[in-house]
Amino acid sequence: MSTLFLARAMQRRSFFRVAGATVAASTLVLAGCGDDPDPAPAPVDNGLALVGFDANRNPIDDGLLNYAYLLEQLEAAFYQKVVAAPPADLLPGELGYLTDLRDHELIHREYLKTILGSRAYDATLSTPLEFNFSTFTLTTRVGVWTAARQLEDIGVAAYNGAGKLLVQKYNLIALSKIASVEARHAALAHELLQSDSFASTVGADGLDDAKTPVEVLALLEPYLPIKVSAADLSTT
Amino acid sequence: MNLFNIISELEKVDPEIMDRLTHRRSALTALGDISKKMALAAAPIAIGSAFNKAVGQQTLGDANAVLNYALLLERLEYDFYVQALAAPTLAATLTGADRTAITVIRDHENAHRTLLAAALGANAAPAPSRFDFGNAFATYGSFLTFAQAFEDAGVRAYKGQATNIPRTLNPTVGGNVVNVLTVALQIHSVEARHAAHVRVMRRAPAAGSQTIFPWIINGDANGAPAPVYGAGNPVATFPAEGNLSQGGIMSLATGLGATYTAEDVSAAFDEGLDNTTVVGIAGPYVRA
């Protein structure tokens, strides 16, 4: 499939449409394999490349906005799954927190989707990406908050690292408004797991983590049904 | 704190200030009304707002000005926590995990001011002679209220300046090439972690405010000075924390294909604040 795929000469925009069709097909194949003990497919090369869609609007930040959109989709899907079937040992108030976190992430996701419109990477997919949370333990409060902590910390580091890559100032403003809310979420998840660990990602230099899109996507790989490449995004 | 001295100092700087504040009597009357509602120590904030209106806008013209502004805020925050940890009035209440947390936050602020001073080098502004927080440390509750105000204001201050830092500014600091915008964002998220934790401390039984969340809902100040959560100048660029409009979408509560509550929409986005408004909030605690 991959060879045939690469052999086709096509515009970037149509590349995404075909990539979308590939995702949809993989999902259908997966649906037929209900007994597979490991439903996560092996990452497929060229599954999805995060890059600006329209060469006529250069420089643009669409790739980075799609990257943020992917992060928010992942977080929203995680909290939706947790809130739909919360662990029995949650402490009083924790389901309320998780519900708030779900709603914040849903709003982030839908906001970015709306801003991107037809430029959203999944605008032409017949079904959206389905994320795989099987590496997490979602049946206990510790498992849930550990997963939340991990995803929120990744989000903070991702936004911190992406800021300087954004060309348009209004995009920097938009993403920084989300970034500090993710940091608030992260601090809470840390706090609920261990007292005074709210800033354990902060080094002796007083700085939080900042990660490049390539580093972040490597961390996200276990949760993504396809391989996503940031190789085409600017690095400076 | 001496209101008359402060106003007298303002008059030396700007002889026409009283005209712009209508007149002295009504200005002081207004301050009196406010201070009945606020903790006494919060009153300088009202003066800061008055000063702000009187002297108008200022803009931060270059990266050094932005960094010096950040340095002043970090020095203030650091000194605030140093004073809190030393305050006899808090010795019995700021204990255990809470004292540990404040120590962690103090150390971060110390690292921030050290880093910013190093980045500025010879361009670093001299430190103020001292910071005077009035009776912010009178009670555990008033201390936490101030801490929340400073941390939330700090988040807004960094966010408000992010676009004034050239994204390709990569100076060498301490032998390492650093990207100033990235560093500012890394500090920004640390301040947000601090703010969230202080809000959790306020929510705890010791402080007893169960309506406070780690995030800012509807721009509620929760007893902190209202300007920390209000609109900046210009309002279109720096809306109040209760803002529901983002990215040209009039209301995210109704404009996203599903209906969301104002509580969730406002909490899902933090807002930036302009430097003049922030200085209006923090300035009254700074002694030249």
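Reply: Helices are DSSP runs of H or I of at least four residues, strands are runs of E of at least two, and both are numbered from the N terminus. This is a predicted model, in which local features need pLDDT of at least 70 and side-chain atom pairs count only at pLDDT 80 or more, while totals for chains, interfaces and linings use all residues. Residues are numbered from 1 along each chain as its sequence is written, chains are lettered from A in the order in which they are written, and side-chain values use heavy atoms, without hydrogens and water.

The loop in question lies between α8 (180-203) and α9 (262-268) of chain B, and B:P234 is part of it. The peptide bond joining B:N233 and B:P234 is cis, with omega about 0°.

B:N218 lies in this loop too. Its phi is positive, near 55°, and the residue is not a glycine. B:N222, also found between α8 and α9, has a positive phi of about 50° and is likewise not a glycine. Buried means under 20% relative accessible area, exposed over 50%, and partly exposed in between (1.4 Å probe, protein chains only). B:N218 is partly exposed at 32%, and B:N222 is partly exposed at 22%.

As for the packing, a nonpolar core is a set of buried Ala, Val, Leu, Ile, Met, Phe, Trp, Tyr and Cys residues joined through side-chain atoms within 4.5 Å. The largest has 134 residues, of which A:F78, B:F80 and B:F143 touch the most other members. Helix α3 (residues 62-84) of chain A gives the most to this core, with 14 residues.
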